[in-house]
Amino acid sequence: MRAQELIRKKRNAGTLTRDEIRFLIQQYTRDSLPDYQMAAWLMAVYFRGMTPQETSELTDAMMRSGQVLDLSEVPGVKVDKHSTGGVGDKVSLVVAPVVAAAGVPVPMISGRALGHSGGTLDKLEAIPGFSVNLSLAEFRRALAEVGCALIGQTNEIAPADKKIYALRDLTGTIESVPLITASILSKKLAEGIEALVLDVKVGSGAFMKDRESARRLAESLREIGARMGKRVVALLTRMDQPLGCAVGNALEVEEAVATLHGEGPRDLRDLCQELAAWMLVLAGAVPALKQGRERFEELIRSGAAAKKFQQIITHQGGDPSVVDDPKRLPQARKHQELAAKDKGYLAGTNAERIGWAAMALGAGRTRLEDAIDPAVGLVVRKKVGEQVERGEPLATLHFNDERRLADAQAELAEAFVISSAPPAPVPLIFETLAPFPATESSGQEASRGGAGRSERG
Ligand code: URA
């Protein structure tokens with residue numbers, strides 16, 4: 001087989017076979033295929049797309065490029081959650097302990113912040129001592145002993161994705177539904193899970209800026225997940241403003257901890273409740289979403305979820321006292337308010353700009369090797385739809401380095417739009433694409449909270 005023939009075949013809108021796709025992925029992972037050929041093939045895929053069968057073969061080949069964990073020794077249905085990324089998205093820090101506290105194992109392999117969007121690993125590392133670098137043996141042990149492990153992608157997990165993602169980033173081939181689908185699912189399915197809840201973000205702070213493209217991605221993820229024998233549900237959720245209020249690593253841990261204590265912003269709590277409820281449904285721990293939501297409430301109210309988070313932190317070498325005393329997290333030395341220039345209603349925010357502002361303060365990175373400052377970031381003080389008085393704070397910036405402040409303020413200058421009339425309400429959850437095959441109980445309830453589209457297999 002010759003790579004140039006496969007590039008030409010895809011360029012001419014042909015359909016590749018399993019063997020052809022495997023050949024490309026295996027050769028590239030072994031460094032036997034040069035970057036320029038893989039880049040050309042990726043660009044052909046970008047323009048010509050892939051059939052669901054091809055996407056499924058690509059996912060499988062990428063998943064098998066490294067170890068596929070067999071967690072059958074851990075009792076229970078293993079379930080994870082993945083977000084396509086956004087600003088202020090600290091959901092994993094809440095749902096992983098809640099679901100583990102319900103007795104459902106959560107093996108979670110997460111990513112780092114890049115560009116305007118945050119990453120779960122950086123948030124966890126804001127907890128003094130917390131290690132996300134567990135070996136796969138330690139990962140298994142944590143899962144067996146605590147019911148949850150939160151780690152970064154190791155070299156053993158889907159190495160083809162790591163290499164291809166870096167190349168896509170440099171060759172303008174990120175925004176392709178089949179490539180994104182294979183990238184996300186190859187990593188997640190290598191974790192040894194049986195079910196997956198996907199939070200596909202839509203809006204200015206998301207990867208997918210509009211509902212149509214987000215839905216195409218969600219449908220692809222659900223279909224390919226099902227083809228690979230997994231139960232997958234995909235929710236399309238709002239990302240036109242930060243989720244919750246805090247943006248920045250330690251600040252987000254503090255807000256996640258507040259949510260685990262039954263406090264925390266309403267939108268964050270509601271989304272965590274819905275995603276956790278779906279995880280419990282897919283794992284078979286509850287018969288339907290309604291009971292899943294109730295279970296979430298109970299585990300928060302009883303303190304079991306907060307206690308589980310302490311156990312997870314302890315097991316991964318961190319200081320569990322941050323759960324009772326979040327002021328032990330890194331704190332920025334300086335603060336500055338961003339005041340509203342007008343009175344009226346907060347009609348909209350640009351979540352992406354808010355993410356870039358946090359990054360400018362040092363909370364994120366432009367390149368994976370950049371260092372971050374765990375203490376810095378910002379806390380929005382107004383959510384879309386709220387009334388604002390002139391001079392009232394719209395956000396509080398937490399920073400350590402005065403020189404970074406001006407850049408963050410410049411990003412924020414156009415990030416908040418104030419109007420004289422209240423904006424039309426926007427739902428937190430636009431749609432839920434129920435899993436294939438739809439469970440009897442989940443099908444009817446899937447549309448709650450959104451514009452009401454629920455699809456069944
Ligand atoms: N996240 C991933 O893991 N992969 C993509 O291709 C895009 C977003």
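In this predicted model, Arg269, Cys272, Gln273, Glu274, Ala276, Ala277, Trp278, Leu280 and Val281 of helix H12 meet Leu289, Gly292, Arg293, Arg295, Phe296 and Glu297 of helix H13, where contact means heavy atoms within 4.5 Å. Sorted by type, the residues of this contact come out as 8 nonpolar, 2 polar and 5 charged. Here Ala, Val, Leu, Ile, Met, Phe, Trp, Tyr, Cys and Pro count as nonpolar, Asp, Glu, Lys and Arg as charged, and the others, Gly among them, as polar.

A word on the ground rules: residues are numbered from 1 along each chain as its sequence is written, and side-chain values use heavy atoms, with hydrogens and water left out. Local features need pLDDT of at least 70 and side-chain atom pairs count only at pLDDT 80 or more, while totals for chains, interfaces and linings use all residues.

Two packed helices are described by the angle between their axes and the distance between the axes. Helices (H or I, at least four residues) are DSSP runs numbered from the N terminus, and the axes are lines fitted to C-alpha atoms over the stretch in contact, with angles from 0 to 180 degrees between N-to-C directions. For H12 (residues 266-282) and H13 (residues 289-301), the axes come within 8 Å and cross at roughly 120°. The two are therefore oblique to each other (under 35 degrees is roughly parallel, over 145 roughly antiparallel, 65 to 115 roughly perpendicular, and the rest oblique).

Now for H4 (residues 52-63) and H9 (residues 177-189): their axes come within 8 Å and cross at roughly 40°. That makes H4 oblique to H9, and the crossing is right-handed. On the H4 side, Thr55, Leu58, Thr59, Met62 and Met63 take part, facing residues of H9 that include Pro178, Leu179, Ser183 and Leu189. The tally for this contact is 8 nonpolar, 5 polar and no charged.

A nitrogen atom of the ligand is 2.6 Å from an N or O atom in the Ser183 side chain. As for ligand oxygen, one such atom is 2.8 Å from an N or O atom in the side chain of Arg168, and an oxygen atom is 2.6 Å from an N or O atom in the side chain of Lys187.

Methods: Polar contact = N/O pair within 3.5 Å; in protein donor to acceptor, adjacent residues only side chain to side chain. Left-handed = near helix turned anticlockwise from the far one by under 90°.
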